[in-house]
Amino acid sequence: MVLLKWHKSRVQNLTEQIKQKPNDEAIKQQLEKAKRTELETEIQEYSVQVKDQPTNYELRFRLAKALMQVNRYDEAISHLQVSVGDPRHKIPSFTLMGQAFSKKKEFELAVEQFKNALQLQGTNRDAQYKDIMYALAIAYEAANKTQDAI
């Protein structure tokens, strides 16, 4: 965790530098490299923690989010299938699973996950609901079910 905190701090420092010098290409390149390294470190650290604590839903959810950022969708899905067991992460886990299946072009499975998230959302029509509805409509359209998307 110490290494991850160091990488996060480095990214934060470089982000501040970019605000001061927005046209500095060297800082921009350093920032991009630092973000990649931070993400790789995050995946490594969460992977170790998940091995030590396989029933920790929070760690699995965090690992899945990191894996999504590097297009490792199958691995992310396997962790999200576990993290849905935590009521705090149920809706976001179904939503991320839907996004992962969409990225894999498995639109029927994506639709199913988005519907699960909406069902749990209930009558709450907040921004999260709108985001899920939009993702569902896109998945329907990609699955050639335009009528369902409307």
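Helix H2 spans residues 25-52 and holds 28 residues. Helices here are DSSP runs of H or I, at least four residues long, numbered from the N terminus. From first C-alpha to last, H2 reaches 41 Å, close to the 40 Å expected at 1.5 Å a residue; the expected span is 1.5 Å times one less than the number of residues. This is a predicted model: local features need pLDDT of at least 70, side-chain atom pairs count only at pLDDT 80 or more, and totals for chains, interfaces and linings use all residues. Residues are numbered from 1 along each chain as its sequence is written, and side-chain values use heavy atoms, with hydrogens and water left out.

Asp-24 caps the N-terminal end of H2. One of its side-chain oxygens lies 3.0 Å from the backbone nitrogen of Ala-26. Buried residues of H2 include Ile-27, Leu-31, Glu-38, Tyr-46 and Val-50; buried means under 20% relative accessible area, with a 1.4 Å probe and protein chains only. Their cover includes helix H1 (2-20), H3 and H4.

Now to helix H5, residues 90-103. Its 14 residues reach 20 Å, close to the 20 Å expected. Among its buried residues are Phe-94, Met-97, Gly-98 and Phe-101. The buried residues of H5 pack against helix H3 (57-69), helix H4 (73-83), helix H6 (107-121) and helix H7 (127-142). Just after H5, Lys-105 takes a positive phi of about 65°.

Helix H6 contains Gln-113. Gln-113 counts as buried because its relative accessibility is 7%. Leaving aside residues up to four places away in sequence, Gln-113 touches Phe-94, Met-97, Gly-98 and Phe-101; contact means heavy atoms within 4.5 Å.

Note on methods: Helix = DSSP H or I, 4+ residues; strand = E, 2+ residues; numbered from the N terminus. Buried < 20%, exposed > 50% of the residue type's maximum accessible area, 1.4 Å probe, protein only. Polar contact = N/O pair within 3.5 Å; in protein donor to acceptor, adjacent residues only side chain to side chain.
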